[in-house]
Amino acid sequence: MLRPRCTEDELRIAISRACTHEGKGYNFDFDFFRSDRLVCTEVIYRAFDGIGNIRFTLAEHAGRPALSAEEILDLALEGEMFRPVALFGVTGCNDSLCTGTVLNALLESSFHRSSSHVAMEAASPK
């Protein structure tokens, strides 16, 4: 669970923005330049970009500018735009909700893997 670093008034604006996208279809093309269909991270992008100090930079993914979940998690680990408040279902907190001082390390280890680990995983037979 991540919390945005913004005021209550800014949060109200962001929630209002997010609600305008209710009922829209899924954007299988991951095209962040059309708003009639959305991916999950695009809802965060459209709701929070420009709120307080929250500014997203779209990076190229599969040839298209987009915002990945991992990029949002990285922003939370940096702590300036979002902050992690709870984690569940990853190694280290499989059976209970994790909070507090161990949270950032657990969050980072849940999606940041060394390149050697990724290479070994790719080389292993499926």
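User: Hi! Which cut-offs do buried, exposed and partly exposed stand for?
Analyst: Buried means under 20% relative accessible area, exposed means over 50%, and partly exposed lies in between, with a 1.4 Å probe and protein chains only. This is a predicted model, where local features need pLDDT of at least 70 and side-chain atom pairs count only at pLDDT 80 or more, while totals for chains, interfaces and linings use all residues. Residues are numbered from 1 along each chain as its sequence is written, and side-chain values use heavy atoms, leaving out hydrogens and water.

User: Thanks! How many helices and strands are there?
Analyst: The protein has five helices and six strands, taken as DSSP runs numbered from the N terminus (helices: H or I, at least four residues; strands: E, at least two). Along the sequence the pattern reads β-α-β-β-α-β-β-α-β-α-α.

User: And what share of the residues is buried?
Analyst: 29% of the 126 residues.

User: How many aromatic pairs does the structure hold?
Analyst: Six. Rings of Phe, Tyr and Trp (its six-membered ring) pair if their centres lie within 6.5 Å; planes under 30 degrees apart are stacked, over 60 edge-to-face, and the rest tilted. One of the pairs, phenylalanine 56 with phenylalanine 82, is stacked, at 6.0 Å centre to centre and 25 degrees between the planes.

User: Where do the two partners of that pair sit in the chain?
Analyst: In distant parts, 26 residues apart: phenylalanine 56 is in the loop between helix 2 (40–48) and strand 4 (59–61), and phenylalanine 82 is in strand 6 (residues 82–84). Both phenylalanine 56 and phenylalanine 82 are buried. They also belong to one aromatic cluster with Phe32, Tyr45 and Phe48.

User: Which residues touch the most other members of the largest nonpolar core?
Analyst: Phe32, Phe48, Ile54, Phe56, Leu67 and Phe82, out of 16 residues. Such a core is a set of buried Ala, Val, Leu, Ile, Met, Phe, Trp, Tyr and Cys residues joined through side-chain atoms within 4.5 Å. Helix 2 and helix 3 (69–78) are the elements giving two or more residues to this core. A second, separate core has 10 residues, including Leu73, Val90, Cys93 and Leu103.

User: What about tyrosine 26, where is that found?
Analyst: Tyrosine 26 is in strand 2 (residues 25–26). It counts as partly exposed because its relative accessibility is 37%.
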